[in-house]
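Please examine the sequence and the structure shown here before reading the report that accompanies them.

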Amino acid sequence: MGWNSFYMFNRQGVCLCYQEWSRPKPAANAKDDQKMMFGLLFSLKAFVNKIDPSDDSKSAEGTFQSFRTDTCKFHYLESQSGIRMVLVTDPLAGDLRDTLKHIY
């Protein structure tokens with residue numbers, strides 16, 4: 001299992017921390033990449049919260065935890081203080097929420 005990249009955002013979407021390790025295709029512009037990542041996660045979380053029939057979406061952790069594509073898996077954690085962390089790994093990686101909690 002390889003880690004490709006890590007992002008940490010505040011409530012306003014400002015990237016507080018960004019790190020690349022073995023990303024297959026490096027970002028041409030890191031600032032644009034960070035904005036796109038925050039926008040993607042913000043939109044996905046809003047979508048998941050709208051279609052989720054349970055009240056878990058109102059909790060601090062919510063129901064959106066990760067999603068996978070053919071090339072990577074995105075692990076997501078949002079703290080009660082609004083810090084949002086994303087860890088991008090290879091698609092076969094298991095659940096890394098405990099790892100993100102440890103980082104936080």
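The report below describes the overall fold, the first helix, the aromatic residues and several individual positions.

## Basis of the description

The model is a predicted one, in which local features need pLDDT of at least 70, side-chain atom pairs count only at pLDDT 80 or more, and totals for chains, interfaces and linings use all residues. Residues are numbered from 1 along each chain as its sequence is written, and side-chain values use heavy atoms, with hydrogens and water left out.

## Overall fold

The protein chain contains 2 helices and 5 strands. Helices (H or I, at least four residues) and strands (E, at least two) are DSSP runs, numbered from the N terminus. Along the sequence, these elements follow the pattern β-β-α-β-β-β-α.

Of the 104 residues in the protein chain, 37% are buried. Buried means under 20% relative accessible area, exposed means over 50%, and partly exposed lies in between (1.4 Å probe, protein chains only). The protein chain exposes about 6500 Å², of which carbon and sulfur atoms supply 55%. Accessible areas come from the Shrake-Rupley method with a 1.4 Å probe, and for residues only the protein chains shown count as cover.

Contact means heavy atoms within 4.5 Å. Among contacts in the protein chain between residues at least 6 apart in sequence, 41% join residues at least 24 apart.

## Helix α1

Helix α1 covers residues 30-51, and its 22 residues should span 32 Å at 1.5 Å a residue; the end C-alpha atoms are 32 Å apart, which agrees. The expected span of a helix is 1.5 Å times one less than its number of residues.

Which residues of α1 are buried? They are D33, Q34, M37, F38 and L41. Seen down the axis of α1, the buried residues fall within an arc of 130 degrees, so they line one face of the helix. The arc is that of the directions from the helix axis to the C-beta atoms. An α-helix has 3.6 residues a turn, so residues three or four places apart point the same way. On the other side of α1, K31, K35, M36, F47, K50 and I51 are exposed.

The N-terminal end of α1 is capped by N29, which has a side-chain oxygen 3.1 Å from the backbone nitrogen of K31.

D33, in helix α1, is in contact with Y7, Y18, R23 and A27, leaving aside its neighbours within four places in sequence. L44 also lies in helix α1, and is in contact with F64 and F67 when its neighbours within four places in sequence are left aside. L44 and F67 are 23 residues apart in sequence and 9.5 Å apart in space, C-alpha to C-alpha.

## Aromatic residues

A pair of aromatic rings is described by the distance of the centres and the angle of the planes. Rings of Phe, Tyr and Trp (its six-membered ring) pair if their centres lie within 6.5 Å; planes under 30 degrees apart count as stacked, over 60 as edge-to-face and the rest as tilted. By this rule the count comes to 5 aromatic pairs. One of them is the stacked pair of Y7 and F9, at 6.0 Å centre to centre with 10 degrees between the planes. Y7, F9, Y18, F38 and F42 form one aromatic cluster.

## Strand residues

N4 is placed in strand β1, as is S5, in the strand that covers residues 3-9. The C-alpha atoms of N4 and F74 are separated by 9.9 Å, although these residues are 70 apart along the chain. S5 touches Y18, Q19, E20, W21, V86, L87 and V88, not counting residues up to four places away in sequence.

K73 lies in strand β4, residues 73-78. Not counting residues up to four places away in sequence, K73 touches S66, F67, R68, L87, V88, T89, D90, P91, A93, G94 and D95. The C-alpha atoms of K73 and A93 are separated by 7.2 Å, and the two residues are 20 apart along the chain.

## Accessibility of selected residues

The table lists the relative accessibility of residues discussed above.

| Residue | Relative accessibility | Class |
|---|---|---|
| N4 | 9% | buried |
| S5 | 3% | buried |
| Y7 | 1% | buried |
| F9 | 1% | buried |
| D33 | 16% | buried |
| L44 | 24% | partly exposed |
| K73 | 11% | buried |

Conventions:
A polar contact is a pair of N or O atoms within 3.5 Å; within protein, one must be able to donate a hydrogen and the other to accept it, and residues adjacent in sequence count only if both atoms are side-chain atoms.
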